[in-house]
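Please read the following briefing alongside the sequence and the three-dimensional structure. It takes up helix packing, a pocket and a few individual residues in turn.

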Amino acid sequence: MSSPFLETKLHVPRGRRGLVSRPRLNEYLSRGAELALTLVSAPAGFGKTTLLAEWLADGRAKGRSAAWLSLDQRDNDPVLFCTYLVAALRSVEPAVGDDALSFLQSPQPLIEAVLGTVLNDLSAVSNDVVVVLDDYHLIEARTVHDGMAFLLERLPPQVHLVLATREDPPLQLARWRGRGELLEIRAAELRFTTDEAAAYLNGVTGIELTSQDVAALERRTEGWITAIQLAALSMQGRDDIPGFIAGFAGDDRYIVDYLVEEVLQRQPEDRRSFLLQTSILSRLNGPLCEAVTGRGGGGATLEALEHGNLFLFPLDDRRQWYRYHHLFADVLQARILDEQPDEMTELHRRASDWCEQNGERSEAIRHAMAAKQFDRAAELVELAMPALRQARHDATLLDWLQALPDEVIQARPVLNIGYVGVLMSRGEVEGVEERLRAAELWLHAPTAIEQAPGEPSAKPVVVDEAAFRRLPAAIAFYRAALAHVVGDVDGTMTNARRALELVGEDDPVERGSAAALLGLAYWSTGALDDAYRWYSDGMSSFENAGFVPDAVSGAITIADLQIVQGHLREAMSTYERGLRLATNTTPPLSGAADLHVGMSVLLTEHNNLDAARQHLLASSELGKYAGLPQNRHRWSVAMARVLQGEGDPRAALQLLDEAERLYVDGYSPNVRPVSALKARVRVAAGELAEALGWVRERRLSADDDLSYLHEYEHITLARVLLAKHETERAAGGLHDPAQLLERLLGAAEAGARTGSVIEILVVQALVHQAGRDIPAALAALERALTLAEPEGYVRLFVDEGPAMASLLRTAAKKGIAPGYARRLVAAGSKTPVTVAVLPGLIEQLSERELDVLRMLGTDLDGPDIARELSVSLSTVRTHTNRIFAKLDVHDRRAAVRRARELGLLARNNDR
């Protein structure tokens, strides 16, 4: 609960008395309904909403479904925006949005995630659907604009989007204009023609103007509809109509100010007072108006205003709720501020009281803020805060908190901690410690002290007593989180343990959060057993409390820990269980795509490259709404490992470059930096100079102090030093890698990091082999094989190439894990390699590139080729670009022709 759901926002406005039919624009809109986007953009008062309402009323008679959403400032909250958009669609297509509403309950739902599920549902709708978003200019949030761009780019052909706005939205209109998919209706089209002005003035108002008077007024107003309407009101009862029109001049704002003043002066005093006092309300009904004005008859007055065409629009079919024309309300508010500035505070106070009593807490807070009743607003925000956080309406909560004076928040420890939570959820840490200290001071404040009148309160202001009792645990937890963000491991552990001591047994979410944070701190130190125990406990608490999305994302971290521990089979089970949880709902929970990527990494290690590709394809098909922020770079790393296994290191390096660009930091430690993995691939590809450049850039040395966070980099350094020795054959070149590996092995064994132990032993075996100490090499290899065989390691050995294959053959002959060693040798012999050299090629094609080249010789398009080869479209494009470069061509047809000349493709190549 952040605010009541307002069904009136979903109603197409009812036709008003005095409507002038505009068939030319209705026909224009109907032609545009065949396009993706219609933009109705003009200043206030040009009849945008009225036109669209008339058009849709006509369209319904022809079988067109129309979803309507009237936007307001609150819809800048992405969650609220998505909720109302889904509700609008469901009002005409009830089958749309079940999955989206479910997804909105997940932690930190992304707007593109929700809209992705909506698009899936809309694709199944057979009839034509028009979606109208009215007053889109009130949307300022970049996140919402990005979501709308995402939606628009993927709209099914039977769905049409219409935006009514006072200013052009940031939606790359030029692109849609260039595609011929944009219909634009602007002020020039919306202005009343002379005939339309005559129809209104003579046919509706009954003023009986001459054609010359109508033409003069149309010229004076330039067809501005609101100005014409206001002019008609001002002309009521005048004798000298031509003289009035002749003196009618000025720009838009002055015209409105002048005419509204004329209108107001001609109203009875009680009605004029009603208009001014109720202008502060965004929505009006009879009881609310009575509460604000202090007079009865609110409903009857609203009905009279509607009949009098005083810019009042009904918001529902029963005519209980109304709103003023925005421009009219603006001028009324300016007038009351000018005439009765002292009354505004009392009016907002009354409105706030009524809204609170009638369950409209958002409006109650807005009016309290406007009345500068910040203490009252703070109380209401504090009471609303738990529901806001649970509903993930952090954007709304942040707006409210930022609107409050900081001294008001500082006096309220619960509100202060809520502010901390919102900031940290957004990754903002500046000022967090100061707020924690301020909240902590109140914990030690006396319950009552003597103070002089007028002095600030020396007691905390608390309205949510339960939250105040949980304050010590919350402070400790946020201190732990803050310490973790800045890399203070000791501070993280100390405060996480403190939070666990303070949190109640009946609060599994807080307990789970603290336990998980403690686990991550242990992971940073390399104490994986402790890390696994605490993090797993935290995720169990979340799952037991019904917080399944947290448990799904936690499964990815648990599997990462198991992989470093060397427990590959347990990690696969963790991924599989997490995937079952994630796909038990529709749409799949965020993290489902990441779980597929994790399974791909393990299958690659098992040398099941085809299955690894299938999981990466499944991850891509789920779309990014089913992935955590880190998934894009993890996907690229996983695909790079597959490409490396297929014998295409250059394509692998391209993907690793992309992974570096896409990298997003998270709470888990970055123990396998992409730059180190790139250095390893470069070593395997023979690019030693580039790998040594990485060593210099990272300032790595065999004499460095060791830490788990840099363990992967130091193992990589040992590999680079070994490669350097094999290239230069300098005396003593193996001393540094040998000593470094010995120290790394001791540290990894002490931390129970069996995965690291196996890899260190493999590299040790290669170092001993390079030093011609075969007994020592076999001893290290035997230990590695003993640890690796139960978990099914393959690529860790195979990727070492011929040197390892030779050592494995020797081990098999000597009876060292003979079956396993022979299987590894066989797996290495089946690894794809670069095809034989052909004259005329700039660079030889890999097996995978040949596969793509054969497909280019067919009539399959890019997506078809991707499906045929079970890869992503981006991978096909990468291979295609490399083929073009190697064949020295610039397009597909030339590539096929060149391939046939070289004998790479048959003349009648087909699938």
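**Helix packing, a pocket and selected residues**

Helix 27 (residues 489–502) and helix 28 have axes that come within 9 Å and cross at roughly 155 degrees, which makes helix 27 roughly antiparallel to helix 28. This is a predicted model, in which local features need pLDDT of at least 70 and side-chain atom pairs count only at pLDDT 80 or more, while totals for chains, interfaces and linings use all residues. Residues are numbered from 1 along each chain as its sequence is written, and side-chain values use heavy atoms, with hydrogens and water left out.

**Helix 27 with helix 28**

- The crossing of helix 27 and helix 28 is left-handed (the near helix is turned anticlockwise from the far one by less than a right angle).
- Helix 27 makes the contact (heavy atoms within 4.5 Å) through Val489, Thr492, Met493, Ala496, Arg497, Ala499 and Leu500, and helix 28 contributes residues including Arg511, Ala514, Leu517 and Ala521.
- The residues of this contact of helix 27 with helix 28 divide into 11 nonpolar, 3 polar and 2 charged, where Ala, Val, Leu, Ile, Met, Phe, Trp, Tyr, Cys and Pro count as nonpolar, Asp, Glu, Lys and Arg as charged, and the others, Gly among them, as polar.

**Helix 28 with helix 29**

- Helix 28 (residues 508–525) also packs with helix 29 (residues 528–544), at an angle of about 160 degrees and with the axes 7 Å apart; axes are lines fitted to C-alpha atoms, for helices over the stretch in contact, and angles run from 0 to 180 degrees between N-to-C directions.
- Among the residues that make the contact are Gly512, Ala516 and Gly519 of helix 28 and Ala531, Trp534 and Gly538 of helix 29.
- By class, the contact of helix 28 with helix 29 has 14 nonpolar, 5 polar and 1 charged residues.

**Helix 38 with helix 40**

- Helix 38 and helix 40 (residues 754–770) pack at an angle of about 15 degrees, with their axes 11 Å apart, and they are therefore roughly parallel to each other.
- The crossing of helix 38 and helix 40 is left-handed, and the contact includes Ile715 and Leu722 of helix 38 together with Ile760 and Val763 of helix 40.
- This contact of helix 38 with helix 40 has, by class, 8 nonpolar, 2 polar and 4 charged residues.

**Second largest pocket**

- About 1,200 Å³ of space lies in the second largest pocket, a pocket being, on a 1 Å grid over the protein atoms alone, an open set of points where a 1.4 Å probe fits, with protein on both sides within 12 Å along at least five of seven lines.
- The second largest pocket is lined by 41 residues, of which Asp72, Gln73, Leu138, Ser282 and Arg366 lie nearest its centre; lining residues have an atom within 4 Å of a point.
- The largest share of this lining, 6 residues, comes from helix 19, and the lining as a whole divides into 15 nonpolar, 12 polar and 14 charged residues.

**Individual residues**

- Aspartate 317 lies in the loop between strand 6 (312–314) and strand 7, with helices (H or I, at least four residues) and strands (E, at least two) being DSSP runs numbered from the N terminus.
- Aspartate 317 touches His11 and Arg14, not counting residues up to four places away in sequence, and its C-alpha atom is separated by 8.1 Å from that of histidine 11, 306 residues apart along the chain.
- Arginine 699, in the loop between helix 37 (688–698) and helix 38 (711–728), has a positive phi of about 55 degrees although it is not a glycine.

Technical notes. Grid points are joined across faces, edges and corners, and a volume is the space filled by probe spheres set on the points. Angles under 35 degrees count as roughly parallel, over 145 as roughly antiparallel, 65 to 115 as roughly perpendicular and the rest as oblique.
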